[in-house]
Amino acid sequence: MLDAKRLFPAEPTTRAIAERLYETVRNLPIISPHGHTDPRWFAENRPFPNPTELFLQPDHYVFRMLYSQGVRMESLGIPQEDGKQNANPREAWRVFARHYYLFRGTPTRLWLDYAFENLFGLTERLSADNADEFYEAIAKKLATPEFLPRALFERFNIEVLATTDAAVDSLEQHKAIKASGWKGRVLPTFRPDAVVDAEYLGFQENLKKLGEVSGEDVSSWTGYLAALRSRRAYFKANGATATDHGHLTALTADLPLAEAARLYQRIYTGKMQAGDVEMFQAQMLTEMAGMSVEDGLTMQLHPGSVRNYNTAVYEKFGRDKGADIPSPTEYVRALRPLLNKYGNEPNLTLILFTLDETAFSRELAPMAGHFPSVKLGPPWWFLDSPEGMMRFREAATETAGFYNTVGFNDDTRAFLSIPARHDVARRVDCAFLARLLAERRLDEAEAFEVAQDLTVNLVRKAYKL
Amino acid sequence: MLDAKRLFPAEPTTRAIAERLYETVRNLPIISPHGHTDPRWFAENRPFPNPTELFLQPDHYVFRMLYSQGVRMESLGIPQEDGKQNANPREAWRVFARHYYLFRGTPTRLWLDYAFENLFGLTERLSADNADEFYEAIAKKLATPEFLPRALFERFNIEVLATTDAAVDSLEQHKAIKASGWKGRVLPTFRPDAVVDAEYLGFQENLKKLGEVSGEDVSSWTGYLAALRSRRAYFKANGATATDHGHLTALTADLPLAEAARLYQRIYTGKMQAGDVEMFQAQMLTEMAGMSVEDGLTMQLHPGSVRNYNTAVYEKFGRDKGADIPSPTEYVRALRPLLNKYGNEPNLTLILFTLDETAFSRELAPMAGHFPSVKLGPPWWFLDSPEGMMRFREAATETAGFYNTVGFNDDTRAFLSIPARHDVARRVDCAFLARLLAERRLDEAEAFEVAQDLTVNLVRKAYKL
Amino acid sequence: MLDAKRLFPAEPTTRAIAERLYETVRNLPIISPHGHTDPRWFAENRPFPNPTELFLQPDHYVFRMLYSQGVRMESLGIPQEDGKQNANPREAWRVFARHYYLFRGTPTRLWLDYAFENLFGLTERLSADNADEFYEAIAKKLATPEFLPRALFERFNIEVLATTDAAVDSLEQHKAIKASGWKGRVLPTFRPDAVVDAEYLGFQENLKKLGEVSGEDVSSWTGYLAALRSRRAYFKANGATATDHGHLTALTADLPLAEAARLYQRIYTGKMQAGDVEMFQAQMLTEMAGMSVEDGLTMQLHPGSVRNYNTAVYEKFGRDKGADIPSPTEYVRALRPLLNKYGNEPNLTLILFTLDETAFSRELAPMAGHFPSVKLGPPWWFLDSPEGMMRFREAATETAGFYNTVGFNDDTRAFLSIPARHDVARRVDCAFLARLLAERRLDEAEAFEVAQDLTVNLVRKAYKL
């Protein structure tokens with residue numbers, strides 16, 4: 001089912017170059033500096049439950065497409081906020097299989113086919129006809145030692161895997177992994193959204209917990225900042241090399257101290273005025289950049305997603321259910337306060353992501369091609385696809401070069417898709433380099449060197465791994 | 001003049017696949033669910049007058065290009081608002097022929113060449129030298145029975161053709177077609193812009209007429225809505241399966257009933273406050289979606305065109321004279337009120353169009369890839385072109401899939417260009433599928449199935465034909 | 001090092017067509033209607049000082065990339081505002097050579113390699129290893145008569161070269177060139193930013209100087225306009241055929257006379273209110289268009305760059321140091337006042353540029369495809385690259401055609417890069433035309449004609465050369 005030459009351009013000369021390049025990177029270790037896998041999997045190393053819970057229910061790429069074509073989320077067994085989950089896993093799998101044709105032309109299909117064939121030896125296309133056969137074959141293998149999380153981690157040749165963790169997290173799973181003596185390198189990432197975004201569900205509770213776990217008095221601006229510094233140090237001590245920030249916009253601010261303190265008071269006491277929530281997030285991005293200058297944690301910014309856009313789905317099923325929709329995102333004016341303060345710092349690495357690909361050639365590549373601190377994250381989310389990745393290279397390289405980019409992120413909670421995602425990225429990068437070589441815009445030796453850099457060297461450097 | 005392999009990629013493997021795919025769709029019937037042909041042509045079935053009135057004067061794609069290069073619209077015989085029309089048709093045709101080189105690289109050229117060769121047997125390129133020869137050959141054929149509107153309709157193998165009709169239209173032409181016994185299927189489409197946009201020329205008169213034709217009292221909000229419901233039912237009874245909405249933006253609103261009623265009062269009495277016109281249109285989109293949930297009419301939204309941008313041209317020549325210019329268009333925040341109210345309704349089909357192609361990957365594909373109601377209209381207007389269509393498939397497919405798109409719309413008032421337009425769309429879709437196949441991203445059997453779906457199945461389903 | 005077929009597509013049929021097209025345009029004269037070379041070079045005809053001052057220090061494309069990767073601008077010898085310049089030229093060159101790999105995949109690399117090989121016979125790739133060898137070879141040649149500015153001008157086969165000059169400039173260098181009897185055609189371009197943008201450094205001084213050089217009383221609106229008219233006439237008398245306007249946005253205005261006069265009073269006396277600076281620039285664009293209708297000077301508009309974005313760099317090193325970042329740019333609403341007043345004038349040529357490539361298909365091509373006055377400038381700045389140029393042709397041609405574009409601008413202060421830049425543009429245009437021909441969208445004869453038009457005819461016409 002999987003063709004060895006997939007994703008390479010059809011033109012024979014270019015294809016042959018792409019193949020040669022790919023041969024030199026296909027077996028390099030996977031470095032996954034940003035994602036959403038659950039550290040508990042590796043701490044406990046228990047079998048994954050069943051095909052539906054593994055492939056379908058946690059992956060909003062999968063069920064949003066089914067939902068868009070009239071499949072009810074209840075029939076897929078998506079867990080509800082009220083704790084109910086109304087579907088038999090095998091029945092849900094059949095619904096999925098029957099609609100598998102919907103994924104034609106999508107990256108989800110590439111990732112799933114890769115896992116079906118390479119991990120489970122299933123070489124037919126999934127359909128209504130073979131749904132039960134797939135289910136049983138997968139279920140059977142999941143019960144074997146070779147399919148335990150740690151075994152898969154090793155089989156996938158993962159050199160390092162970063163998770164994303166709340167600022168108040170105890171990191172006990174990460175500690176348990178370390179304490180177990182297992183050599184797999186699983187690192188936490190500091191994600192403070194829930195204590196920075198005053199509209200985040202449970203924000204006041206989160207602040208309280210931040211005070212508790214840090215031992216700082218978060219009722220004042222200085223105490224709040226000290227608490228965050230303390231948590232960053234804790235994460236760093238537990239292996240973290242990066243922070244991550246998910247904001248609605250890229251807005252930053254650099255308020256005078258007294259004004260920032262007053263703003264925090266209103267936020268802390270819940271007496272917000274119009275614009276306070278946004279301004280506080282803006283100020284906090286600059287504060288976080290300042291802390292990165294101090295402690296050296298690489299800073300990642302993921303702006304531009306309107307979260308929980310479909311109210312009915314959000315109320316019934318909660319966050320991350322396929323209803324986050326990108327929105328036009330401006331970077332130049334938004335980032336100016338932060339960049340004017342810290343943009344020239346040699347010790348800052350600020351990785352910018354976008355869901356608005358118009359920003360690549362217009363704003364992001366010019367910024368990355370000037371500021372020592374700014375680097376471009378790989379195509380994110382809906383853009384993490386063959387066409388999206390190719391457009392990224394085409395739009396960004398001429399202005400930012402290759403060396404202001406940072407390799408690939410799989411950014412996934414679907415553990416089994418990780419090798420497939422890195423494989424797609426390597427193939428597309430090789431296809432791009434092959435075209436540059438075929439058009440005599442790079443030398444042979446350079447193209448091979450850049451392929452290595454894009455696959456392992458740039459990510460190691462940017463994330464200090 | 002027309003090469004059999006035109007628009008297929010040059011790379012031989014991909015080209016051969018494209019050809020094979022195209023062979024299976026080239027002769028499928030034309031389904032035209034959205035356009036601007038005149039139903040009177042098919043009701044009366046009289047000969048088209050002359051080449052200039054057929055090809056030049058109604059087609060703003062043609063004369064806007066000539067105008068942009070200094071050709072005066074008067075010299076082309078474009079009808080003026082004062083009733084004058086200052087050009088001899090043959091002279092106008094010569095001006096057109098002399099400037100035909102301006103269309104190099106444009107879709108207009110593809111459409112015209114197709115019609116010249118396939119309908120009139122003219123296999124040279126139009127130029128100053130052969131202008132008269134073309135004129136005479138076309139004029140001669142137009143006088144024959146084979147070139148009457150109904151004969152062409154049948155020769156074009158049109159399965160169904162939708163027109164666009166004002167909400168207050170009597171649909172007498174459509175009734176006459178039906179009454180004639182002719183079997184051609186020509187359907188109306190409900191377009192209420194002129195009774196929804198308070199800045200539309202003659203808006204107050206239009207409202208009055210809406211009251212008359214519906215028998216409802218449009219002086220109240222409930223009466224106005226009842227009048228629209230009544231007209232929709234009338235359109236549906238006369239064959240309509242869809243509505244169409246041309247708005248400056250995609251803004252929607254969901255006002256409380258009392259507030260909506262007060263807003264309508266201000267609109268109805270002409271006592272608008274700042275923002276009322278836009279807010280009323282926004283509210284009406286949501287109302288129309290609600291009516292679509294009730295009556296099942298497919299809803300089309302065409303936002304983002306700044307109409308009548310060139311005041312001097314508008315004042316002398318009126319609407320639709322090539323001076324409508326697209327503008328950046330936001331969908332996510334704009335559509336939220338409507339989608340929160342009706343977006344999850346199984347009975348709603350909302351087809352979104354755009355002139356701002358940045359929205360395809362950023363906003364529209366993610367929305368279509370989640371909401372059961374949302375589908376993506378084909379590339380519209382300036383994007384209805386080989387490059388535009390290809391970019392649409394490249395940008396939208398990975399997130400929305402093929403099955404949240406709705407086939408092709410020719411959207412034209414140039415009847416003779418319809419086969420050419422559908423042919424271009426089929427060729428480009430086959431070229432796109434051929435690449436996916438050549439890059440092993442689709443199976444052979446799948447590609448052939450998708451080609452059929454894109455050509456006839458998806459449009460039939462989306463427009464309930 | 002330079003392959004004869006570079007930048008042509010790999011597919012053999014298309015490549016062969018591209019080569020044939022390119023052979024017919026490669027040796028056509030260079031027409032450079034917009035750029036930033038120093039007329040003093042040609043007036044004085046003195047040797048260029050050394051490789052570092054020639055290639056590195058004036059070219060912000062080069063040093064912004066080095067800076068983005070942590071190379072300090074001081075170490076490159078970039079001149080500082082305080083007059084210091086802290087680097088030995090040979091040392092700076094070594095830093096540059098050591099980091100030359102950063103330019104892989106960028107147009108800067110294409111331009112530099114071209115100059116190294118074609119002008120200096122250096123056929124290796126620049127690196128740390130051969131840095132001194134390059135330095136010496138270049139320095140040696142720069143001292144020879146063949147490398148004097150005028151000799152290079154002739155060797156480059158430049159038919160005409162336009163510089164960009166402040167409105168108050170005496171044009172003495174241009175006069176000296178003319179007086180010298182040398183036949184090279186070097187023309188000034190009228191650039192009034194410094195007397196139109198009230199936030200421009202030294203604005204009040206500039207106004208004063210404007211009054212002096214024109215002999216007009218600039219304390220009144222009418223006097224100010226008369227002074228500008230006078231300067232335009234002076235530029236025209238000295239060979240200028242165009243004006244150029246660099247604005248933050250494309251905003252235009254058409255204020256009543258009295259209001260414009262009051263606005264100018266506030267600007268002139270430095271008593272600006274909020275919005276005055278922007279509104280004055282907006283009004284001045286319309287005034288300048290009106291003067292172009294009178295005097296026939298072609299008007300160029302370059303909007304959308306946020307200048308001097310990095311405050312620390314600006315304060316130490318001044319303007320044009322690689323820290324100008326593009327920003328989303330709207331044209332449709334912004335240009336309406338100007339276009340409603342002058343857009344239909346046969347005597348106006350308004351060339352629009354953009355750094356926001358989303359505007360090409362959405363706004364700029366539709367405007368150029370309608371208004372007789374509007375033409376599309378070539379891809380500008382970060383878009384002046386193989387990928388950027390190709391996307392421009394793909395996005396703009398179908399709506400604007402070829403004939404509403406104006407050929408290529410090199411827009412450079414790097415004199416030695418001029419032949420390389422024009423060569424890249426010719427190659428990319430030929431590659432685009434080759435694809436249209438291979439896909440049977442153009443005839444053979446047409447493609448050859450268009451190639452000539454894109455290279456020399458359109459630029460001569462648009463700039464009245």
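In the predicted model, C:Leu2 is located in the segment that precedes α1 (12-25) of chain C. This residue has 14 C-beta neighbours inside 10 Å and therefore counts as partly exposed. When neighbours within four places in sequence are left aside, the contacts of C:Leu2 are with C:Asp113, C:Tyr114 and C:Glu117. C:Gly318 is 316 residues away from C:Leu2 along the chain, and the C-alpha atoms of the two are separated by 36 Å.

The buried residues of α16(C) include the charged pair C:Arg362 and C:Glu363, together with C:Thr358 and C:Ser361. Also buried in this helix are C:Ala359, C:Phe360, C:Leu364, C:Ala365, C:Pro366, C:Met367 and C:Ala368.

The overall architecture is described here for chain A. Its secondary structure consists of 19 helices and eleven strands. Along the principal axes, the C-alpha atoms of chain A fill a box of roughly 65 × 60 × 45 Å. The radius of gyration of chain A is 22 Å, which agrees with the value near 23 Å that a compact globule of 465 residues would have. Of the 465 residues of this chain, 58% count as buried. Considering contacts in chain A between residues at least 6 apart in sequence, 76% join residues that are at least 24 apart.

At the interface between chain C and chain A, 40 residues of chain C are in contact with 39 residues of chain A. On the chain C side, the elements that give two or more residues are α4 (60-68), α14 (311-317), β9 (325-326) and α17 (386-400). Of these, α4(C) gives the most, with four residues. The composition of this side by class is 18 nonpolar, twelve polar and ten charged residues. Only 5% of the interface residues of chain C are also interface residues in chain A, so the copies meet through different surfaces.

At the interface between chain A and chain B, 40 residues of chain A are in contact with 39 residues of chain B. The side of chain A that touches chain B draws at least two residues from each of α4 (60-68), α14 (311-317), β9 (325-326) and α17 (386-400) of chain A. The contribution of α4(A) is the greatest, at four residues. By class, the residues on this side divide into 18 nonpolar, twelve polar and ten charged. Here too the copies use different surfaces, with 5% of the contact residues of chain A recurring in chain B.

Note on methods. Residues numbered from 1 in each chain as written. Chains lettered and ligands numbered in written order. Predicted model: local features only at pLDDT ≥ 70, side-chain atom pairs only at ≥ 80, totals over all residues. Contact = placed C-beta atoms within 7 Å. Buried ≥ 20, exposed ≤ 12 C-beta atoms within 10 Å, placed from the backbone. Rg over C-alpha atoms; globule rule 2.2 N^0.38 Å.
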